[in-house]
Amino acid sequence: MKVIYDCDNTTGIPQRDVDDGLTLLYLVKEPQVELLGNTLTFGNGTVQEVEHCTEKMAELFQLNIPTFIGLEKNVSFRLGKPSPAAKFMIEAIKKYPQQITILATGSQNNLAEVEFFEPGLLQKTAQIVIMGGIFQPLMINGVAVDELNLSISNEAAQTVLNSQANITLVSGQYILDGILSRKNIDTGLVTKDNPGAKWLKSVLDDWFDENIKMWNLDGTINWDGVTAFAFLQPEQFIFKDVYIEPTPKDLKHGMIKLANLPNGHKINLVYQIKDMSVLNELLLQRLNSYFE
């Protein structure tokens, strides 16, 4: 399966999420995946921060993946040529029409840029799998959680959701049980005398400590990892076809309105994880393959 991973990886920055980095490591070792490239966007951090974190991971884990940067949050793509990220996506989709899955786990800015320069091109992907969006207020252990990925660039999100592409949406609403716990890592991650293993364990422990403070959760909800599993291990999920009517006003808060035909656009919504333990075991197998 040909995949482009569009993400906002800030793994390694204190008090920033680690799921993009875990997902990148998983994709590289997943036999089903031919990772064509890694496009970088803002979200958890700036594009510059995301680029720095991704370069560090590439060095630590000897990753050899073409990487392309998108525009920063406040830079309009309407004023110039496509960014390296958008240019790469455009060329790849044209080269492999109806064959590429785009996994998008940060802002939708790079994808919206593709649609701006090449209207209708997103429809020529095999699918776009998006992590983001909520349908009602989101709570973790009684604490309200703001949506990030769609709200941080709401007009871009509306462009992508309205593109008529084949979209699978993984909303935080329905994967709150997608937890990778500290116990999973302590008992399942190989911690040999390996710089990458030591670094990853330290980064995960720091993030778990942060999640205890924020949400009383000794682990992390692996938002982006679950999103990758949704198209690579679909048998572990329940899906629903729904119709949505996204508006910039709603998307400022990451909120998506359900609708009926003829107003709504159909998407495939991940509605339930069947067994997270199976997915965690698979993730750990892929991670441990770096340290064998």
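## Salt bridges, cores and a helix pair

A search of the whole structure, which is a predicted model, finds 11 salt bridges. Three of these pairs are set out below, each with the distance between its nitrogen and oxygen atoms.

| Pair | N to O distance | Accessibility |
|---|---|---|
| Glu34 and Lys2 | 3.5 Å | Glu34 39%, partly exposed; Lys2 18%, buried |
| Glu30 and Arg286 | 3.2 Å | Glu30 buried; Arg286 buried |
| Lys198 and Asp193 | 2.9 Å | Lys198 exposed; Asp193 exposed |

The side chains of Glu34 and Lys2 meet in a salt bridge, and this pair links distant parts of the chain, since Glu34 belongs to strand S2 (residues 34-40) and Lys2 to strand S1 (residues 2-7), 32 residues apart. Lys2 counts as buried because its relative accessibility is 18%, which falls under the 20% limit for that class, whereas Glu34, at 39%, counts as partly exposed.

A salt bridge also joins the side chains of Glu30 and Arg286. Elsewhere, salt bridges form a network that links Arg182, Asp186, Lys201, Asp205, Asp209 and Asp218.

The nonpolar residues can be considered next. In soluble globular proteins, nonpolar side chains tend to be buried together. In this model the largest nonpolar core has 57 residues, and the members that touch the most others are Leu27, Phe61 and Leu200. Helix H7 (residues 195-215) supplies the largest share of this core, namely 8 residues. If neighbours within four places in sequence are left aside, Phe61 is in contact with Leu25, Gly196, Trp199, Leu200, Tyr290 and Phe291. There is also a second, separate core of 35 residues, which includes Ala157, Leu161, Ile167 and Leu251.

Helix H3 (residues 84-95) and helix H4 (residues 109-117) meet at an angle of about 65°, with their axes 9 Å apart, and H3 passes H4 in a right-handed crossing. On the H3 side the contact is made by Ala85, Ala86, Met89 and Ile90, and on the H4 side by Asn110, Leu111, Glu113, Val114 and Phe117. The residues of this contact divide into 7 nonpolar, 1 polar and 1 charged.

Notes:
Residues numbered from 1 in each chain as written. Predicted model: local features only at pLDDT ≥ 70, side-chain atom pairs only at ≥ 80, totals over all residues. Heavy atoms only, no water. Axes fitted to C-alpha atoms, helices over the stretch in contact; angles between N-to-C directions. Helix = DSSP H or I, 4+ residues; strand = E, 2+ residues; numbered from the N terminus. Left-handed = near helix turned anticlockwise from the far one by under 90°. Contact = heavy atoms within 4.5 Å. Nonpolar A, V, L, I, M, F, W, Y, C, P; charged D, E, K, R; others polar. Salt bridge = Lys/Arg side-chain N within 4 Å of Asp/Glu carboxyl O. Buried < 20%, exposed > 50% of the residue type's maximum accessible area, 1.4 Å probe, protein only. Core = buried A, V, L, I, M, F, W, Y, C linked by side-chain atoms within 4.5 Å.
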